[in-house]
Structure formats: structure tokens, C-alpha cells
Amino acid sequence: MSRRDRVKEKKIKKFTHQMQAKTLLVFGVVLLLMIALIARLTYLRNEDGDKYSKKVLSQQTYSSSVIPYKRGDIVDRNGTVLATSIKVYNLILDPKTILEIKKVNGEETTPYREPTLQALTTYFDLEYEELNKILIEKPTNQYTVMLKQLEYSEIKEFEAAMKEKDSKIQGVWFEEEYKRIYPNNSAASDIIGFTSAGNVGNWGLEQTYNTYLNGTNGREYGYFDAELNLERTVKPAVDGDTIVSTIDLNIQQIVEKHITKFMKNIGAKNSAVMVMNANTGEIIAMASDKQYDLNDPYNLDDYYTKSEIEAMTEQERLDALYGIWKNFAISQNYEPGSTFKPFVMAAALDEDIIKDGDHYICDGKQVVVEGIKPIRCVSRSGHGDITIEEAIMKSCNDAMMQIVAKMGRSLMAKYQFNYGFGRKTGIDLPGEEIGQVFTEEQLNPLELATTSFGQGLTVTMVQMASAFSATVNGGYYYTPHLVNKIKNADGATVENKNAVLSKQVISTKTSDLLRRYLYNTVESGTAKTVAIKGYQIGGKTGTAEKHTGEDGVYLVSFLGYFPYDNPQYIIYTIVDEVNDEDQAQSTYAQQLTHDILNEILPFLGILKSSDGITLDDDDKTDATQSDDTQQDDVQQDDTQAGNQEDGTSDDNDANTNDTNSNDETTDEDDGENYKLFDEEVNNKIKDILDSKKTQDNTGNEPVE
């Protein structure tokens with residue numbers, strides 16, 4: 001054997017039994033150590049798990065409480081706050097901390113329990129038994145809401161007691177949030193709306209501008225560093241934007257005051273008033289009799305007795321609330337009556353169908369469809385020979401029916417559309433209705449005739465106010481709106497809501513004529529009750545016979561502008577089913593308008609004109625011509641105006657008797673004068689309106 005082979009043989013070793021025994025020994029020792037470690041960990045988890053869990057968690061990044069944002073304010077055009085949010089506090093109970101066990105003189109005790117319970121019952125309206133019950137039933141709970149939306153004045157003494165040296169008040173903290181409040185309670189409730197849980201806007205500007213008003217919550221983050229010092233990182237909340245509305249709270253409250261007074265003294269099913277800037281579409285005031293406390297919007301006590309409320313089903317209660325919350329000015333459809341006449345007259349003038357100074361003969365009725373009884377005028381014996389201006393001044397249905405017959409269905413449909421009837425105006429409020437008008441194909445002779453004096457079609461107040469503004473401001477139609485600008489929480493303007501000029505509906509020449517006609521209607525026509533000495537006011541009265549299936553039911557109104565030479569504002573007043581056996585008296589709407597204007601004109605900066613208006617010879621109305629017949633008309637109007645001042649007049653719309661009127665006609669009451677349709681026509685109009693309501697319910701809008 002070579003030397004090399006002997007060395008190789010020497011290097012080969014075997015795994016002996018002794019080596020196996022040593023390996024097994026080492027493995028056994030390691031296994032025993034692992035078992036011991038597992039046993040120890042299990043013991044620690046069971047005995048001191050919470051202690052070590054907290055220590056581990058203390059090393060981790062964690063999220064603390066949410067920082068709530070403040071919902072933006074709503075203010076009027078002068079900066080007066082209409083809606084705002086104040087910080088409030090929820091009292092939170094932490095039973096686990098209150099019941100924390102401490103060793104005192106070698107004995108285990110709960111040193112925080114009694115001092116904390118005593119403090120809570122001392123500073124807040126809380127019962128000791130109630131608190132103690134929570135501690136017994138929820139000893140490990142760390143979040144129990146005890147009181148909500150406390151103001152700072154209600155918690156500051158308790159907080160001071162908590163911060164005292166050696167205070168044993170523990171396990172109580174205050175969660176911050178914001179509460180929506182309305183400093184003026186019910187003022188402008190139709191416009192503002194209210195909020196529900198979670199800062200959700202309901203109705204009004206609160207709903208329309210909800211995304212602007214809401215901000216973004218902030219959040220506070222914290223972590224412990226290597227020395228277990230708490231480090232905090234705060235992401236601040238972003239507060240909501242402020243909405244600057246177009247309304248003037250002073251004007252709004254004056255309007256509401258007079259509506260309330262009217263409803264208390266006289267009463268009606270509904271009453272509503274709008275004041276609007278004729279040259280921008282800004283709503284200055286918008287109110288109805290259905291005002292409610294925005295701080296308590298679910299309270300029905302002002303409108304129903306306790307027994308009535310208790311007897312309501314949930315759906316009936318909800319319907320009752322909707323009836324109060326609904327904004328009459330944008331959500332109620334109705335037949336406008338004679339306030340619609342200026343639009344028809346303007347269309348005819350603009351299309352050269354008629355000319356200023358044209359005459360028509362009114363014999364008190366008009367046969368529209370052969371075989372159907374004629375539709376009557378408010379003057380049963382007729383107004384005789386009148387100009388188109390006098391047709392507006394005296395509210396002559398007969399002349400209007402003759403004029404619209406010359407226009408035809410195509411032009412009538414065109415101007416209905418241009419004036420915005422039968423579709424939404426685009427006002428920045430939820431719940432706007434569209435009304436219902438006849439399409440060109442539907443404007444048959446009967447429908448054309450009734451449309452000429454505002455019956456058979458339905459409108460909303462905001463449609464009428466916007467259309468009327470265009471009629472008197474030179475023909476320019478502005479989209480109505482309730483917000484001027486939006487500001488951020490720092491007061492910087494983030495968006496301007498400028499006036500939106502939609503179109504020119506009629507020519508400036510036609511607008512000037514209508515403005516004159518309407519001014520003379522207040523001066524010496526059917527609207528004399530509205531007149532205020534020294535002020536230049538124009539407008540038109542309306543008395544609409546409601547087709548409800550019940551006789552003698554009327555909606556009366558006045559739609560006016562001021563001042564004459566440069567219209568700045570319009571006012572629209574509606575009194576629906578006044579509490580009077582004879583409802584067909586537009587004097588109710590006129591007097592309410594008069595009282596409101598008498599107070600708001602100075603606030604609006606409208607100056608008195610000491611001498612009134614002196615019209616140029618070319619502009620003087622035919623009502624002042626020197627022939628005996630026309631002079632008699634004017635004298636008779638003046639006499640009736642005197643009667644109105646004494647409170648003895650009939651409806652001004654019926655105040656239209658001329659030399660052809662006899663004593664019997666003069667003695668007729670207004671309700672009789674305004675029975676314009678015989679039963680057959682009345683039923684036909686009712687059927688048309690009912691079919692429109694059905695169409696509304698199916699969600700179908702009329703063809704434009």
C-alpha cells in the first residue's frame with residue numbers, strides 16, 4: 001500500500017454512537033428551551049397581555065379624533081347672517097377609565113369613580129343612578145354618548161374642575177361638532193331651507209348650495225417616538241364657503257310682517273309676495289304665509305292642533321310638513337288671470353298685429369266657437385269703444401280675445417316660449433314647477449281665447465315675475481337668482497354669480513308702450529288702490545276664476561313695477577281664496593301691495609317725485625281725450641277710486657263701467673262679473689287642467 005492510500009484511509013471517519021448521543025442531547029435541550037419560551041409567552045399573554053399590548057401599540061402610528069369642519073354661512077346682500085354654525089360639544093363617558101383600579105395603601109380601589117359621578121351630577125342634568133347603571137352594564141366600554149350639542153358655557157365649569165390639581169375626575173371627554181342655527185328663526189324660511197344630520201341641506205339655498213357650504217373634515221394623527229414622547233400631526237379641517245344671497249333681510253321681514261298681518265285680519269288659503277330687481281333677476285324678497293321656524297322645522301304646532309297632530313299617520317305628517325316647507329313662489333301652479341294680459345298685448349304690438357292707439361269694440365262678450373255660449377267680459381254690458389291701452393287699464397277680456405284671434409296660434413305659442421312659460425326659469429332653488437301651457441297644436445280658438453286673459457294655462461310666480469321684468473325693462477329677460485357671490489372661509493370671493501341675460505323678448509319700443517299702459521292702469525285704471533302719493537308705480541291686477549269644480553273660488557293678484565321712468569323693481573302679490581264670500585276682489589291683493597310698498601320704498605332707495613309724471617303729448621293716453629264719452633269714463637273711474645279709499649269699492653278689475661253701462665250692471669257684485677264662462681266652457685277648462693295635472697304626475701313635460 002502506498003503512502004498516499006494510507007493518508008486517504010486515515011482521513012475517513014465514522015458517525016459513532018457517541019456522536020449521535022451528543023446530537024440528540026443538544027436537540028433535546030433546544031426543544032426544552034423552546035417549550036419553556038412558549039410557556040412563558042403564554043403566561044405573559046394571559047397575565048400581562050394588556051400591559052404589553054399597550055406598550056407595543058404605543059410604538060405604532062395611530063389616528064386620533066376627527067376635526068370637524070364648519071359649514072359655511074348664508075348671509076343677505078348686506079352681510080347679515082341668515083344661517084351659521086356654532087361649535088357644540090357631546091359629553092362622552094369612558095367607563096373603563098372611570099373604573100380603573102389603583103392600589104392605595106396596599107388595597108385595590110377605584111379612586112376615580114365617585115368623584116367623577118358626583119361631578120357629572122353636579123354640573124349636568126344627569127342622574128347618579130343612570131350613570132352608575134352604565135358603569136355596571138358596560139365596564140369595558142370607552143365611548144358612551146351621554147349629552148349632545150352642549151354649548152361651551154354649559155361645559156366650561158366642569159372642564160375647570162377636571163383641570164384642578166389632584167382632580168380625580170377622569171373618564172369624561174368632549175367631542176366637538178357644529179350645530180346649524182338660524183338667528184332670525186322663521187325669516188326667509190322659504191328661501192333658506194334647513195339641514196338634517198350629517199350637514200345635508202334640505203330645501204332652499206341649504207340644498208342647492210350644499211356642496212359649497214360643506215367643507216372637509218380634518219384629522220389629528222399621533223405617534224410615540226423612541227423616548228415614548230407623543231408626537232402629533234394635525235391636518236386641519238377646511239371650512240365650507242359662505243353664500244351671499246340677493247335678498248335684503250329688512251325688505252324680507254317687512255313683507256313677511258304684512259303677510260302675517262293680512263292673514264290674521266282677513267285670511268286666505270294662500271298668500272305670497274315677491275320683490276325682484278327688474279334689471280338683474282335678483283330676488284330681493286320672497287315670502288308666503290307658510291313660514292316655519294328653521295331651528296325647529298319639524299314642528300307643526302303653528303298649523304295644527306295637538307289632537308290633529310296625534311291623529312296623523314306618518315305619511316300624513318310628512319305631507320303636512322311638505323305643505324309648509326314648499327315654496328309657493330316656485331312650486332305652486334295656478335291660473336294667473338288678467339296679469340297675463342300685458343304679455344299677450346306686448347306680443348301683438350311687437351309683431352305689428354296691433355298699433356298704439358288702435359280701437360276695439362267691447363260688447364261684453366265674445367263668441368269664440370259657434371254653438372258654444374260666448375265668453376263674457378268683466379263688464380257685462382261692455383266697455384264700448386276702447387283703445388288697446390284702455391283694454392289693459394280696464395282689463396277688458398273682449399278686446400284681448402279679438403287681439404289674440406288676429407295673432408293666431410303660432411305667434412301665441414312663440415311668445416309663450418320666449419317669455420319662459422311652460423318650462424323652468426332656472427332659479428337656484430329646488431322644487432321649481434314648470435306650469436302648463438298649450439302647445440301650438442293645442443291652441444284652438446277656445447284655448448287661444450282663454451289664454452289671452454290668463455285662464456286655462458298655469459304658471460308659477462317666478463315665471464310671471466321674470467316675464468314681467470322683461471316687459472318693463474326694455475325687453476330683456478334675466479334668469480332669476482338668489483345668490484350674488486360665494487366666498488371662502490377667509491372672506492375671499494371664489495365665484496361671482498353675475499346676472500345672466502337670457503334673451504330680448506320684445507323690443508324696447510314695445511316695452512316703453514307697455515310701461516305706459518301699466519302706469520296709467522295704476523293712475524286711473526283697475527289698480528288705483530296700489531297708488532302711493534309721490535311715487536310712480538305701474539302694474540296690472542288679476543282675478544282668476546279657479547276651475548276646481550266649486551263656484552265662486554278665485555285667486556286675485558297684482559303685478560307691478562316702480563318707478564315709471566326707469567323701472568328698478570317689480571312686486572308680485574297673490575291672495576288665493578280670500579276669506580270672503582265674494583272672493584273676486586283684487587283690492588285685497590292691491591291693498592296688501594300698497595301697504596308693503598309704503599314701507600319698503602324708502603329702504604329700496606326709491607325717491608318721491610313731487611310733481612308726479614308729466615307725459616309728452618305724443619305719450620298721453622287716449623283715456624284723456626276730450627270727447628264727452630271718454631271724459632265720462634275718467635270721471636266714473638275717479639268716483640270709484642274715491643269709493644275704494646273708503647273701503648266700499650268692488651274689485652277694481654270690475655271697475656270698468658263706461659257710458660254704455662247701466663245701473664243694473666253697476667250694481668252687480670264682482671263675483672257675478674267674474675263668472676266669465678258658462679257651465680259647458682267651465683267644465684271644458686276644468687277637464688283641460690285636470691289632464692295637465694295627470695300629465696304632470698306621469699312626468700311628461702309639454703312640447704316646447
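Q: Is C396 buried or exposed?
A: This is a predicted model, in which local features need pLDDT of at least 70, side-chain atom pairs count only at pLDDT 80 or more, and totals for chains, interfaces and linings use all residues. Residues are numbered from 1 along each chain as its sequence is written, and side-chain values use heavy atoms, leaving out hydrogens and water. Buried means under 20% relative accessible area, exposed over 50% and partly exposed in between, with a 1.4 Å probe and protein chains only. C396 has 0% relative accessibility and therefore counts as buried.

Q: How many disulfides are found in the whole structure?
A: A disulfide is a pair of cysteine sulfur atoms within 2.5 Å. The closest cysteine sulfur to that of C396 is in C362, at 3.5 Å, too far for a bond. For C377, the closest is in C396, at 3.9 Å, also too far. The search of the whole structure gives 0 disulfides.

Q: How is helix 18 oriented relative to helix 19?
A: The axes of helix 18 (residues 461-472) and helix 19 (residues 508-524) come within 7 Å and cross at roughly 105°. Angles of 65 to 115 degrees count as roughly perpendicular. Helix 18 is therefore roughly perpendicular to helix 19.

Note on methods: Axes are lines fitted to C-alpha atoms, for helices over the stretch in contact, and angles run from 0 to 180 degrees between N-to-C directions. Helices (H or I, at least four residues) and strands (E, at least two) are DSSP runs, numbered from the N terminus. Angles under 35 degrees count as roughly parallel, over 145 as roughly antiparallel, 65 to 115 as roughly perpendicular and the rest as oblique.
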